[in-house]
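This report looks at one helix and at the aromatic ring pairs of a protein chain.

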Amino acid sequence: MRSQGRFRRTALAALSAGVLLAVAGCGEGGDRTAKGTTGTAEAKDVLLQSLASPGPGPFTASTVRATATPSPSGAPDDEPDSGTRTVHPVSGAVPGLYGGTRSVAACDVEKQTTLLTDGKKKASAFAEAAGIEAVQIPGYLKSLTPVVLRADAQVTNHGYSAGSATAFQAVLQAGTAVLVDSRGMPRVRCACGNPLGPPVVAEGKVAHRGERWPGYDPARIVAVEPGVKAATSLIIVNADDNTWIERAMGDSGGRDRDPDDPPPFEPDADLLFPSPGRPSEPPAPDSTPSGPAPSEPEAPTDPGPGESSDGFGDMPPEEPWEYEEGVPEEVVPEPTQVFPADPDEPAGPDGPAQPDAPMEADLGGVFAG
């Protein structure tokens, strides 16, 4: 593994020498593989950024108040190269997407404001990337809410170099402290003061660079999308005791309280990636037609064996949640063919034969019941 990393770094140095020279003084000695990403927003080149890593071209020193822990829902990193990269869109309004500690802000917003407004060039570069005016930085930061990510998330990050902001794609580790806006969008990374924007997700092969962290899974990356409307508070998870916290927008935790209407699921629920066992639940009714009474009332709804089989084959609506190849083959419609087999017997009553009259009476009693 280490030899492959050296090969990538050597190739990158040969191809991006100009970029490397431009940012040679950034990154504070860490993330040597990351420096080539500054100055590019190429979607097929994504930098992995762990919790404390400032990354290339940090705008400021870290303003993180406490080291956060990653989400417990992260999958073990037993085989980091075995998964297929998948970026899942998720609304920033989803309860539990973010976490924190009750009455404690994940970032020092006042310190962040001071550091960003310390120089005119830096303030101007930050404001341009954030889509505001430089004079609006204090009010803008005060309107944001300090929380931590509970899932690895891809964003458009911005480094600071030569007086301007340079965009690049990055995946932030779960537990990263960020400032989010009223629609739940990450806007500032507190470990480096960099402005953040929505990600640019590329199709096909994507090159991930940087050091992987325990629990990293390329198939469990989220892309946060803005909530439908501006919210007045966020429902986050308390990292200390795994309970719900309602945090007011723009508040640093001083007004944290228990939500009046908590979400109808546990804080540790895996909201983004349901259990693979769920799509296999619909076939369960196949084991119940042991008695004749339950099977016969369904006969009028199944005109023929072919239509019945198609109907049951379409039942599992949750197949898109399955990201592993071959999962759709688990749903086998053949057992359902016992249903159309039974109603074929009443076909005799269409003839004039009298012995079949008692059977029609029995069927009428069943349908009446």
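This is a predicted model: local features need pLDDT of at least 70, side-chain atom pairs count only at pLDDT 80 or more; totals for chains, interfaces and linings use all residues.

**Helix H3**

Helix H3 spans residues 109–116, and its buried residues are Val109, Gln112, Thr113 and Leu116. Viewed down the helix axis, these buried residues fall within an arc of 100°, so they line one face of H3. Glu110 and Thr114, on the other side of H3, are exposed. The packing partners of the buried residues are helix H4 (120–130), helix H5 (137–143) and strand E7 (177–180). At the start of H3, the backbone nitrogen of glutamate 110 has a side-chain oxygen of aspartate 108 within 3.3 Å.

**Aromatic pairs**

There are four aromatic pairs in the structure. Two of them are listed here.

| Pair | Centre to centre | Between the planes | Geometry |
|---|---|---|---|
| Phenylalanine 59 and tyrosine 160 | 5.1 Å | 45° | tilted |
| Tryptophan 213 and tyrosine 216 | 5.4 Å | 80° | edge-to-face |

The pair of phenylalanine 59 and tyrosine 160 links distant parts of the chain, 101 residues apart. Phenylalanine 59 sits in the loop between strand E1 (45–49) and strand E2 (87–91), while tyrosine 160 belongs to strand E5 (residues 153–161). Phenylalanine 59 has a relative accessible area of 1% and is buried; tyrosine 160, with a relative accessible area of 17%, is also buried, because the cut-off is under 20%. Ring pairs join Phe59, Phe126 and Tyr160 into a cluster.

Key:
Residues are numbered from 1 along each chain as its sequence is written. Side-chain values use heavy atoms; hydrogens and water are left out. Buried means under 20% relative accessible area, exposed over 50%, partly exposed in between (1.4 Å probe, protein chains only). Helices (H or I, at least four residues) and strands (E, at least two) are DSSP runs, numbered from the N terminus. The arc is that of the directions from the helix axis to the C-beta atoms. Contact means heavy atoms within 4.5 Å. A polar contact is a pair of N or O atoms within 3.5 Å; within protein, one must be able to donate a hydrogen and the other to accept it, and residues adjacent in sequence count only if both atoms are side-chain atoms. Rings of Phe, Tyr and Trp (its six-membered ring) pair if their centres lie within 6.5 Å; planes under 30 degrees apart count as stacked, over 60 as edge-to-face and the rest as tilted.
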